[in-house]
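Dear colleague,

Please find below the structure that I am handing over to you, followed by an account of what was found in it. I would be grateful if you could read the two side by side.

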Amino acid sequence: MKISGVELLRLRMPLVSPFRTSFGTQEAREILVLRVITPTAEGWGECGALLDPVYSSEYVNGVADVLRTYLVPTLLRAGDISAHQVAPLLAKFKGHRMAKAALETAVLDAELRAHDMPLSVALGSTKDSVDCGVSVGIMDSVPQLLDAVAGYLDEGYVRIKLKIEPGWDVEPVRAVRERFDDDVLLQVDANTAYTLADTQRLAQLDPFNLLLIEQPLDEEDVLGHAELARHIRTPICLDESIVSAQSAAAAIKVGACRIVNIKPSRVGGYLEARRIHDVCEANGVPVWCGGMLETGIGRAANVALAALPGFTLPGDTSGSSRYYRTDITEPFVLVNGQLPVPAGPGIGVTPIPERLAEVTTAREFVRA
Ligand SMILES: O=C(O)CCC(=O)N[C@@H](C(=O)O)c1ccccc1
C-alpha cells in the first residue's frame, strides 16, 4: 500500500475532572492524532504521549517533530509497504515508541479498512466484549475518594484502580477496602513513585487483597522489582518498564513481575502488543490493557486488543464519559461493566468531523 500523505492533528480535550497521579495532574489532554492517506483507504492512529515528558520521555511536541522529520518521510519514500513493515523500516531511529505506535496504527487501520477486516480479527481476538476497569486519581480527601469509587461501581465498572504515592497509599486503600465489600476487584498504581526503601510501607498493602501493585519502582529498576517481590505478597505488575516483548520476557525471567499492563502506545503499537501478549501467555503471566486517556480512536483499538485470550484481567478500557464530556467518535458506553469490541473494518470507528473540528487546535500535512 502506497502512503501518499500523513496529517498530524493536534487536539485539546478538556477532562470532565482533574486526573491526579504521582507524576502530576491532567486537566486536559493535548493529543496528537494521525490520519494516513492511501489510494484505497484512510487510517487513524492516536498517540498516547502527554504534553510533557512526565509519564515517559516522549511528549507531544517531540512526537510531532520526530514524525515530520524522520518517521513519516521514511514511510513516504518506502513505496508500497504493509503495516508489518513499518516497525522494521523505522527501527534505525532509536526509541520514540509512542510516535511509532501512532504511525503504525494509522497504517494498519488503513490496510485493514482496505481489506474490510476488523482489527480484532487481525489480532486474533476471541471475545465480542470486554470487562472494564476504571482508574481513580489521587484525591484531596478520603471521603472524596470513597464517593468517586461508589460512583464508578454504580456505573458498573468491574475493577477499581487507585493511584497511589507516598503519603496517599495505605490509608485510602484501607478506607476503600473497608467501605466496599471484599469482592470488589481492587488494584493500585504507583507510577514509579517508590524506592526499595519503601518496602515495609508497601508491605502494609498486603492485607487488602489487592489484585496487583503496578510499577512501584523506577521503570529502569527491573531487578529492584524482583527484590521487592521477595518482600511483599501483593503481585507486582509492570507498566513503564515493559517496552517490548523482549523486555517483558526479561522481566518475567528475573521475577520482576507476575502481571503485565500492555499499553500499545508505550510498546510501539498493536503488533508488538500482540507479541507481548504471546510471551506473557507462554509464561502463564496474565495481562490487561492499560490506557492513556485515549479518545474513541485509541479506545476502539485498545478494546480490540483487550479481547485477546490472555487479557484475563479487566483493563483501563473505561467508557468515554470517564474522561470526556463529548468524544470525537461515537462514545463508548459501559453496559453491564463491559464495552463491545468494534466490529467494523480497521479500528471500527471514525472521528465525527464536527466533533473533531471543535477540539482540533492545529493540522499539519506531511507529504512526499
Ligand atoms: O483509563 C485510562 O485511560 C487511564 C489509565 C491510567 O491510569 N493511565 C495512567 C498511567 O499512568 O497508566 C496515566 C496515563 C497518562 C496520564 C495520566 C495517567
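Two residues are said to be in contact, or to pack against each other, when heavy atoms lie within 4.5 Å. Helices (H or I, at least four residues) and strands (E, at least two) are DSSP runs, numbered from the N terminus. The model is a predicted one: local features need pLDDT of at least 70 and side-chain atom pairs count only at pLDDT 80 or more, while totals for chains, interfaces and linings use all residues. Residues are numbered from 1 along each chain as its sequence is written, and side-chain values use heavy atoms, with hydrogens and water left out.

Helix H8

The buried residues of helix H8 pack against helix H7 (199-203) and strand S9 (236-238). Helix H8 itself covers residues 222-229, and its buried residues are Gly224, His225, Ala226 and Leu228. Here buried means under 20% relative accessible area, exposed over 50%, and partly exposed in between (1.4 Å probe, protein chains only).

The ligand and its surroundings

There are 18 residues around the ligand, and Ser135, Asn191, Lys263, Leu293 and Tyr323 come nearest. A residue counts as near if one of its heavy atoms lies within 4 Å of the molecule. Strand S1 (5-21) and strand S6 (159-163) each supply at least two residues of this shell.

Polar contacts are pairs of N or O atoms within 3.5 Å; within protein, one atom must be able to donate a hydrogen and the other to accept it, and residues adjacent in sequence count only if both atoms are side-chain atoms. An oxygen atom of the ligand lies 2.5 Å from a side-chain N or O atom of lysine 263. For serine 135, the distance from a polar side-chain atom to a ligand oxygen is 2.7 Å, and for the side chain of aspartate 239 the corresponding value is 3.4 Å. Taken alone, the ligand exposes 440 Å², and the protein buries 100% of that. These areas come from the Shrake-Rupley method with a 1.4 Å probe; for residues, only the protein chains shown count as cover.

Leucine 293, one of the residues that come nearest to the ligand, lies in the loop between strand S11 (287-289) and H12. Its phi is near 60 degrees, a positive value in a residue other than glycine. Leucine 293 counts as buried because its relative accessibility is 10%.

The loop between H12 and S12

Serine 318 is found in the loop between helix H12 (296-306) and strand S12 (338-340). With a relative accessibility of 1%, serine 318 is buried. A polar atom of its side chain lies 3.0 Å from the backbone oxygen of glycine 133. Not counting residues up to four places away in sequence, serine 318 touches Gly133, Val134, Ser135, Tyr157, Arg299 and Leu339.

The side chains of lysine 161 and aspartate 316 are joined by a polar contact of 2.6 Å. Leaving aside neighbours within four places in sequence, lysine 161 is in contact with Val134, Ser135, Val136, Gln187, Asp189, Glu214, Trp288 and Asp316.

Glutamate 30 is found in strand S2 (residues 24-37) and counts as buried at 13% relative accessibility. Its side chain makes a polar contact of 2.8 Å with the side chain of arginine 12, and another polar contact (3.4 Å) with the side chain of arginine 10. Glutamate 30 and leucine 11 are 19 residues apart in sequence and 5.7 Å apart in space, C-alpha to C-alpha. Leaving aside neighbours within four places in sequence, the contacts of glutamate 30 are Arg10, Leu11, Arg12, Ala49, Leu51 and Val60.

Valine 86

Valine 86 has its place in helix H2 (residues 86-90) and is buried at 1% relative accessibility. Its C-alpha atom is separated by 6.0 Å from that of glutamate 104, which is 18 residues apart from valine 86 along the chain. Neighbours within four places in sequence aside, valine 86 is in contact with Leu75, Ile81, Glu104 and Val107.

With kind regards
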